[in-house]
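Open your viewer and get the selection tool ready. We will walk through the model stop by stop, picking residues as we go.

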Amino acid sequence: MVTDPVSDFLTRIRNAIMAKHRVVEIPASNLKRNITKILFEKGYILNYKFIDDNKQGIIKIALKYDQATKCPAINVLKRVSTPGLRSYTGYREMPRVLNGLGIAIVSTSKGVMTDKEARTEKVGGEVLCYVY
């Protein structure tokens with residue numbers, strides 16, 4: 001029983017990066033699938049695969065590393081909103097991560113999206129995490 005599935009998702013990716021793993025497997029949920037799609041679209045992960053095992057399902061994520069220096073594409077995965085302290089923001093106060101170089105993943109009424117997309121859609125929501 002995991003009390004915070006998003007935090008567990010981020011921690012599994014963070015641990016796999018620190019151990020220099022190529023692939024990490026994570027129990028699936030719709031929110032985790034949406035976060036995975038955003039990470040892929042923004043170029044933070046190499047690839048992903050959703051596996052249906054007639055239970056919860058599994059997300060297989062291929063992590064992205066630089067060929068020459070072996071540095072990971074993801075330097076920091078930081079959880080912002082926790083179950084004990086939710087962090088909501090309007091589109092005008094949407095945080096800028098590393099002055100626009102990173103992304104904030106936001107759960108809005110129109111679905112999970114990045115901070116930049118939320119600003120253009122003019123919707124606020126719960127800031128889930130920062131990625132850079």
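Two strands pair if DSSP finds at least two bridges between them; strands (E, at least two residues) and helices (H or I, at least four) are DSSP runs, numbered from the N terminus. This is a predicted model, in which local features need pLDDT of at least 70 and side-chain atom pairs count only at pLDDT 80 or more, while totals for chains, interfaces and linings use all residues. Residues are numbered from 1 along each chain as its sequence is written, and side-chain values use heavy atoms, with hydrogens and water left out.

**Stop 1: the strands around E3**

Select strand E2 (residues 45-51) together with E3: they pair in the antiparallel sense over six bridges. Click on Lys49 and you will find Lys60 of E3 opposite. Now follow the chain through the hairpin that E2 and E3 form, with six residues between them. In the turn, Asn54 has a positive phi of about 60°.

**Stop 2**

Show the side chains of E3: which ones are buried (under 20% relative accessible area, 1.4 Å probe, protein chains only; exposed is over 50%, partly exposed in between)? Ile59, Ile61 and Leu63 point to one face and are buried.

**Stop 3: the salt bridges**

Side chains of opposite charge can pair when their charged atoms come close. How many salt bridges (a side-chain nitrogen of Lys or Arg within 4 Å of a carboxyl oxygen of Asp or Glu) does the structure hold? There are six.

Stay on Lys60 for one of them: its partner is Glu25, with the closest N and O atoms 3.6 Å apart. This pair links Lys60 in strand E3 (residues 58-63) to Glu25 in strand E1 (residues 23-27), 35 residues apart. Lys60 counts as partly exposed at 31% relative accessibility, and Glu25 is partly exposed at 43%.

Now select Asp4 and Arg79, whose closest N and O atoms are 3.0 Å apart in another salt bridge. Asp4 sits in the segment before helix H1 (5-18) and Arg79 in strand E4 (residues 77-79), 75 residues apart. Both residues are buried.

Finish with Glu126 and Arg86, whose side chains meet in a salt bridge (3.0 Å, N to O). Glu126 lies in strand E8 (residues 125-131) and Arg86 in the loop between E4 and strand E5 (88-89), so the pair ties together parts that are 40 residues apart in sequence. Glu126 counts as buried, at 12% relative accessibility, whereas Arg86 is partly exposed at 41%.
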